[in-house]
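Q: Before we go through this chain, could you set out how its labels are assigned, with each value held against its definition?

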Amino acid sequence: MAILISVLAALLARGREPRLGESDERTDGAKTAPAKLALRDGLHVFRYPAYVLHSLALVFFYTAMSVQIWIPAFLHRGFGLTNQQASGFLAQALLYTLPAGIVGGWLSSLTLRRFRWGFPLFLSLTSIAAAAAFYLAYTAPDLRSAQIGIVAAIALFGFSAGTLTTLVVETVPAELRNSAAAFSVVLTSGIAGIVGPELVGVLSDAYTLSKGVLIAPAGYFIAGLIWAVLAAWQARANTTAH
């Protein structure tokens, strides 16, 4: 049902498809000649402060997101659900919050049309809200409150799904977009995706799992603060330019 809703929403919101290379045209209509880049030139993405800040926020965001694989264990140990019940709950929560990505992409595009700092501000607000929801869920005194908090948090960080990738290519010149996307994959899936679950395991062994999963709200909160800094910096730069 959630997939059907997502497909219908995408069809209803469908606009004109952009032409190949349209985003790389100059305002006078002339094509911008693609630059030939050497392999080492890809490192130039780190010369752009906005990309560096966004990448740093992504590391914390995806570290926090990777903690969700511990949710079934948290529900099992903390509230006595069977592994099957806890895993089933997480699967349903992820499934029925899928449309949040489409809604979030639409909402964030409204801000980007007018404000350069719209995307990082949107990411900041949704991440900090997700941090609050996860914190309440992981410190909840009863199962019902914990489940409501988990579903709300998954929906909130789901709002950011499309915006995360878009901001990667919006913070570097067109010729560096492939390199920027490649580095972001390494930082998120390659580093954060490994560090997050491992860190929870270490903290769980040293303290308890209920303490270890608090890595998630902490990660979302730090990511939100970094995106807030990026939004403020871009807003100030835009004001200075005018």
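A: Buried residues, meaning those under 20% relative accessible area, with exposed over 50% and partly exposed in between (1.4 Å probe, protein chains only), make up 37% of the 242 residues in the chain. This is a predicted model, in which local features need pLDDT of at least 70 and side-chain atom pairs count only at pLDDT 80 or more, while totals for chains, interfaces and linings use all residues. Residues are numbered from 1 along each chain as its sequence is written, and side-chain values use heavy atoms, with hydrogens and water left out.

Q: Why is T188 called buried?
A: T188 has a relative accessible area of 7%, and the term applies under 20%, so T188 is buried.

Q: Where is T188 found, and which residues does T188 touch, not counting residues up to four places away in sequence?
A: T188 is found in helix α9 (residues 177–206), a helix being a DSSP run of H or I with at least four residues, numbered from the N terminus. With contact meaning heavy atoms within 4.5 Å, T188 touches L58, Y62 and G193, once residues up to four places away in sequence are set aside.

Q: Why is V103 called partly exposed?
A: The relative accessible area of V103 is 37%, which lies between the limits of 20% and 50%, and therefore V103 is partly exposed. The place of V103 is in helix α5 (residues 99–114).

Q: How many helices and strands does the secondary structure of the chain come to?
A: The chain has 11 helices and zero strands.

Key:
Helix = DSSP H or I, 4+ residues; strand = E, 2+ residues; numbered from the N terminus.
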